[in-house]
Structures are given as C-alpha cells and as structure tokens.
Amino acid sequence: MPQPDAKAPSPRAEVKAVALVSSGRHPVSGRAGRAREDARAVEMGLSLAGADLSLVHAGDPEDASLRECLEGYLGMFHGLDDERDGALSLLPMQAGDDAVPLLAAWLERSGVQLALTGQRAECGEGSGMVGYLLAERLGWSIATGVAAIERCDARSVTVLQALPQGQRRRLEVRLPCLIAVDSVAEAPRQSAFGPARRGRIDTVDDRLPAGEKRPDVANVDWQWQPARARPKRLKVVKSTNARDRFKAAAAKSSASGGQVLTDLTPEQAAEKLIDYLRAEKIIADTGESSAGES
Amino acid sequence: MLQTLLPILIFAALLVGAAGACRRIRLWRQGQRTPMVWRRLALMPKRYLNDLHHVVARDKAIAHTHVATAGGYVAAMALALVVHGFGWRNPILGGLLLAASLVMFIGTVAVNLRRVNPPPKLSKGPWQRLSKSLIAYSVGMFLISLPLVGVAPTALGGGVLAIVLAAVLVWGLLEMVVGMGWGGPMKHAFAGSFHLAFHRRPERFDDNHADVGHDVHRGSRSTALFPLDLTAKTLGVEKPADFQWEQLLGFDACVQCGRCQNVCPAYAAGQPLNPKKLIQDMIVGMAGGSDAHYAGSGYPGIDVGKHHGGPSEPIVPQLVEAQTLWACTTCRACVEECPMMIEHVDAIVDMRRFITLEKGETPEKGAAALDNLIATDNPGGLDNASRLDWAADLEIPRIKDRPEGVDVLLWLGDGAFDMRNQRTLRSLVKILRAGGVDFAVLGDEERDSGDVARRLGDEATFQRLAERNIATLARYRFARIVTADPHSFHVLGREYSAFGGDYRVLHHSTFIAELFDGGRINVAAPTQPETVTYHDPCYLGRYNGEFAAPRQVLAALGLEVAEMERSGYRSRCCGGGGGAALSDVPGRARIPDMRMEDVRTTGATTVAVACPQCTAMLEGVVEPRPRIRDLAEMVADALVATAPAATVSSSTREEEPA
C-alpha cells in the first residue's frame, strides 16, 4: 500500500522550515537510527515544505554510526513534488559539547522561521530539553505535543496540540517558532536507500565565538541508566458495565479531579505545581531547598 | 502467371518481414546492454529441441500439435524458398514440400479444434486469427505446389482459381513471415529463438554441470536472484528500458498460452496479478501504447485497456499497479510452467527493488519488517539475544565454544522467534541428538538470512545481512549447515555464493533422510493407519529440486502418502513466500485456504510440512481442518531409543512450547 504522499490539504509553507534531527537509539537493539519522534517531525516538515525542508544535526562527524543514522532521515526525501535530494547541515562538535549554542547560532544565521523537532529524543545531546533551551535562548515561541500543522503563513502557524484521550487543541503560534512533535503525529514515511545514498550531508564550518563553545556541564553530572517504562497507576474499575470498563481501559491518565488555575504569578504557579507533585509522590517531601527559582 | 508471381511474393514477404525484425531488435536493445555474443545463436537449436520441448511436452497433445505445425511450417518454408523462390522445380523437392504442407495442415487442424472452444487461459484476438492463417498458409502452399508433382495441370497458373490461390497464400505469408517481424503472433518464433540463445540464465540449459544434483530438476538449475549493484545510478527497474535487453527479449517471446495464469496462486485467489498479463504489459511498455489490444484474461479486479506505457515512462502505476507486483509470492510456479522459459519472478523483483529502494513505498507491514531487519537483524523487531530462548533447557552447544569445529551447524532461521516453529526446532534437536549428530548453533550471532528483505526488493538490507552472516560464518568451522527453513536453505545455499559465502547447506528433510539411510535413528511403526499428504514448499521443491527426501522420510515413518493433484514441481504455494504475507494484497479468497482445499481433497487427516512459513500459513486456516505437522515433529514423535546414544542430554523432555 503506497503511502498517500503529498497529502491534499498540504499547507504549503512560505517560511523557511528546518527539522532538527537527532541520533536515535533502537529500544531493543540499541542501534543508532532515526529517532522516532524526530522522524515524525521530518515527515511533518516534508508535507509542509516539500523538498525545501532542510535538516540540521549537531554531532560528532567522526562518529562512524552517525552517517548511517542521518542517512535514515535523508532517505525520507521521496514522493515529493520535485525530485531534489535531501540536504543536511552537520554542525560539528565533540562528544561532550553542548549542542544548544551551536544550534542556536545556526538557526539565527540561517533565517529559519520554523523549526520542527521530536518532542522526546532517544539519547545523548538530543534530549527533550533541547527544544526548550533553544526557544529560551532565541526568544522564540515553542509549541509542544504538536500532532499536526494546519496552516502556516509568514507570521504565524496554526497547530493542533495533542491532549490525552485523543483530544486536540488548536493553537495559533507566532513565528519564529519551535515545534516539538508528539508521537501521535503522522507516521514517518519509509526511509529509502536510494534517496538516502544521494542525500547531501554538509559539514557546516562552525563559526561560533570561541567563548561560546563550551562543554555541556549539565551533561557531566547526569546519571545514565536504561529507560524503564513509566509505571502505570492501577485503575480499579468497579463498574459491571462493559461500556464503563472499556472507557476506563481506553482512557489515558485522565484529567479528572484537576483544577484550572488562572491569573497566578509564576511563583504561585510553581508552588501549586510543586504541591501537586508532592501530593502525587512524584517528588520527595524533603529537599525543600531545591525548589528554588522558577 | 503464378510462376512469376510466387518468387516475388516470397521474397517481398521475407524482405518486409526482415525490416520488421530489425525494428523489433531495436526495441529489445532499448534495454540495458551487455556485450553481444553472437556465437550463442548456435546454442539455439539444442535449447529449443531439448529444453523447451521438455516443458512443452508436459502437455503431450500440444507438444504433438506444435511439432507437426512448426516442423511442417519450417520445412515447407525452406522448401518453398528453393522450389518457388529460386525456381528449382525438382519433383522430389516438390513432393517433400507437399508432405511438409500436409504435416503442417494436420497440426493446424488440431490447433483449430482447440480454438473452437478455447480454454480461458488462452488469449484470443490475433491468436484466434493465427489458427485460421495457419490453414491458409498450409492449404495454399499445398495446392500451389501440386503442379510440381504433376497431379494438377500446370495450367492451374491462370484464371480465377489462380488469383484465389494467390490471395490465400498472401494471407498465409503475411501472417507467417511478415507478421513474424512486425509483432504478430508469429513473432514468438523469432523472439523465442533469440531468447533461447541469449537467455540470462544459461545454467538452465546446462545438462552437464559439475555440481551433482544440478540436473535432478531442470526448473531449479538456476533460481538465485541476480545481485543488484548498489552503486548504480538508479536502483531497480523504473521503466521498461531499465530492464536488461535479454529480459525485454524474453518478454517478447511470450506465446500467451496462459500456463502461468493457470498455476499462479495469486491469480487463483483473485488478487490483481496475472503473470501472462504482466509479461504482455512489459511488451506494451517496451513498444509503447496501451493495453487495450490485449485479448486474454486481465488482472482480477483491474479493467483491461486503462493502462498505457512507453519505454521511458515509469511502469508503476500507469502501466502496472503496485498491488500487482506485491501480490506475487515468488513461488516460481509461472517460471516452472513457462514453455518459453521467461523469468517472471526476476522481473517482479526488479520492479519491487525500484519501489522499495528509490520510492520508499513498500507495503506498510513490509516496510516495518525492513526497518526491524535494519535495527534488530530479524523482521519481528525482537531482541536477537532471545533467539535461543526456546532452547533454554536444551543446553544446545554454541559454536563459539567449539573452536575445533563441528559436523553440523544448525541454522535456526527466524522461526526461532515463533512459538509454533519452536516446537519444530525442539523436535529437530531431539532427532539430531538421537542420531548422535555433532552439532552446534550460532545462537545470538545468527541474523536473518535476508530472504524477506531481498524479495521485498530491499537489496541493500539483504546484502548487509548477507555480508554480516558470511563474516560470522567465516569465523567458525563446520562441515555443513542444516536448517528447517527452506528460505534460509535457499538463500544460504544458493544466493550467498555471489557474496563470497559457499557452504554445503542441507534442508532438515534431506538430513533426516540421510540419518534414516545410515541407520542412525530408528522409529516405531505408526500405531494406527493414517492418511497423510505432503505439501512441497516452493523454496525447497521448485527452487532447489528437493522433492524426494521428504517423501523418503514419510516412507521411513511407515506412512502412506496420498499426493495432492498439485504436488512436486507443480505444488501450489501456501501464500507466504516473497513477503506476500506482509504485503497481504486483498483478493477473493486466501491462498492457504485454497491449498487446504487441495489437502482435503486427498482425504488426508494430516498434512506434512517442511517450512515454518507454510506451517504458519496453513495453520491460519480455520478449523476443522487436517492437522499440520512438520516432518521433524512426526519423526521426533516416532523415535525409539537406539543403543549408541552418543550425546546424553535432557532432550527427553519435549513438546512443551518454550
């Protein structure tokens, strides 16, 4: 079944779009490859901008498995309106370096208005923090959990944000903007060997001011351990009614019992959040001092 | 009057026909060229009389008909050239010419009788016309040559009768000589001769091959897919001109006899594939135009006449729908039956290669399997380290602990991840132990053989898996490989050699038969009589010619085998080969259901199988149905202890799914 390429309601972008891609790690074999959500970001970018989409990755060009992994993304440049091959800018950095300043400098320089990336990366510098750090540094908007882009013009982009239980929220976000793509977005197209082989990987000469280039200090303190599936809260369903049991089984962590808080100062909001996390025993009651600045 | 007219007619026909033939040759040469080796033309007569006739003769009536018609025609044409063309009116030659025309006429009558109510596999249109033209030619030639032996007055050459005779002969010459070059039905003789001479698989015609067993079954002499150069500009076949020129030539040799259509499991299941139509579509693409002139059965569910193509136009989807290509199970039944020795499966895989490698449009589940193969070395995306989980209690030796080498390397295949097949593998281990076989496994170092990747067109992933497996195997010492998976058997034994891996590979049925022959295992006689039948896996039978060993094993078990009508080289596919189980093209019926119907017809209560894929497909048929048991399971159940139990182990426990 060929994938329906170039979908009908293609919201052709007039802005320059880029997908930030990271090296993925297969959950079973641990092999490098396309990161699943980044691949969805590329898919979203391709249906938005076609072959005009550019890719960027900050990584170690000496890493042997990197090329194969990046080719995985380049292999997605098929089934588009024009036959151009994909191109990826590789920002060279050492294994311990911080990718954020490099990416930020590149994004500023390239005149990109819309950057797409996976919401959650799979390893290394591609951690889910990158999007937030970049947006903060560049002063861009950030939209997370994005399931689809509905429209995009020179000033703003309309996205659908994924909420639990298949709900969607329509957001209008001003550009420039960073979009973190959710795992419910359109599945990525197959990566084909031919386009992957022909795709260009350009190592971009890093013109970062010497002071800016720095090792990732946070990274040094991190502890690495294999990911575990998040424990699920047990749901005791008392109902004898099949419909209710089905609803309970199909529900994601439901939002019942929540409260909507508006008009709070950031400090108050942070307090509320921390209280909630404590109540849910997600953070320990002790160590009050660590809940510092917001 | 006729005496002056005849040479003109004959030479004009030859000249016009030759002009058409030159044009035809140019059409073939649009394909990718390899150097012409003209001396191969000398191979043609032997290949025609021996190899081609071997296939045609499976239908005796047609073989006799064709011998009479074609033989008579060739003789009559040659003699007519001498007698009428060059005017050497020798009564003896004239007599021979009359005899040849008569023989041709007799054949022609048989052709026409068959065409009165033609079976659905035959194409009509020009082919229906051909039967009449044959009469015109043979009768015309006969009557016109009568004066040579003085039966009719030479004065025949005058008046209305002469004009009528000349007209009939012109009709015959147009069809038989001009049409041969200009793409009429008779082009099969011209294209077919060249095709036999320049066939891409010369091994198919090699009767004295060094390899023992090469000649056991002609159809399996050359069945490995051709490796693809991954550095080529475009990968696979996008447009007709991307085929090798010999392939285009081969398509053009098609006689539209429909034997392929009759045996194609996908066609029978109502999936949108008909091998005959596919070959005709390739010709449409080569010559340019639409398929509206096709006068045979089309692809089920797809109307004839809506597709068009050209030599430099993409084939998919304007000429052939992708579904058609993905419906193929690569069972090779069409290739086996084709009297013109056309290679349908090669063409289909070539086109699939383009779809997968360049367009990235492998059917969804196939694409997922390919991604898994790239990431985890098995199509299920499972942890390769769990490949031996089913054998946790069996203490199977790993080959890495046996640096001195073993006799048998047991290749598990991806069935090792499947709970049903794990029962077969446990049975096989039990048999090997009972036979005191010195064996070991690769364990988690084994990767998928690459069979599915290759048939789905992903030659890149196949080659990567092949290279890695070959590198792994190069580190160890073993005399031979035994596997219960005919797909691994075929790929390791036949296809790895192109990448530097030459091994002696045995299918487990062959190996078990060997154990029986050597008296190394003993079995108890069956407690109650049971009728069993045996389903030949395509990749064991047609691809590799192993029909005897499984039947030997069943005989050794004391079982009576009730053969299905389609068994041996004519076995019907289970529907699971070539990635068809992944592409899962919808049809009217399911292929395994049809195969199970074949089984039921024999009255068998058990169907013996010898392939994990066949097991899975046939077990997918709803109950009640005959039991499905692998040969290894049947043997393991019947085993009785023999004195020299070489390896003592815990293999007494069995049949518990891991």
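The dialogue below takes these features in turn.

A: Please bear in mind throughout that this is a predicted model.

Q: How are helix H1 (residues 2–28) and helix H6 (residues 159–181) of chain B oriented to each other?
A: One starts from the angle between the two axes, and an angle under 35 degrees counts as roughly parallel. Here the axes are 8 Å apart and the packing angle is about 20 degrees, so H1(B) is roughly parallel to H6(B). The crossing of H1(B) past H6(B) is right-handed.

Q: Which residues make the contact between H1(B) and H6(B)?
A: From H1(B) the contributors include Leu5(B), Leu9(B), Ala13(B) and Arg24(B); from H6(B) they include Ala166(B), Leu169(B), Leu173(B) and Val177(B). By class, the residues of this contact comprise 17 nonpolar, three polar and one charged.

Q: Is Phe251(B) buried or exposed?
A: Burial is judged by counting C-beta neighbours, with 20 or more within 10 Å as the threshold. Phe251(B), which belongs to helix H8 (residues 245–252) of chain B, has 27 such neighbours and therefore counts as buried.

Q: What does Phe251(B) contact beyond its neighbours within four places in sequence?
A: Its contacts there are Ile279(B), Met282(B), Ile283(B), Met286(B) and Ile342(B).

Q: How many residues of chain B are in contact with chain A, and which elements of chain B give two or more of them?
A: 20 residues of chain B are in contact with 17 residues of chain A. On the chain B side, helix H14 (344–359) and helix H15 (364–376) each give two or more residues. That side is made up of eight nonpolar, seven polar and five charged residues.

Key
Residues are numbered from 1 along each chain as its sequence is written. Chains are lettered from A and ligands numbered from 1 in the order in which they are written. This is a predicted model: local features need pLDDT of at least 70, side-chain atom pairs count only at pLDDT 80 or more; totals for chains, interfaces and linings use all residues. Two residues are in contact if their C-beta atoms, placed from the backbone, lie within 7 Å. Helices (H or I, at least four residues) and strands (E, at least two) are DSSP runs, numbered from the N terminus. Ala, Val, Leu, Ile, Met, Phe, Trp, Tyr, Cys and Pro count as nonpolar, Asp, Glu, Lys and Arg as charged, and the others, Gly among them, as polar. A residue is buried if 20 or more other C-beta atoms lie within 10 Å of its own, exposed if 12 or fewer, and partly exposed in between; C-beta atoms are placed from the backbone. Axes are lines fitted to C-alpha atoms, for helices over the stretch in contact, and angles run from 0 to 180 degrees between N-to-C directions. Angles under 35 degrees count as roughly parallel, over 145 as roughly antiparallel, 65 to 115 as roughly perpendicular and the rest as oblique. A crossing is left-handed if the near helix is turned anticlockwise from the far one by less than a right angle, and right-handed if clockwise.
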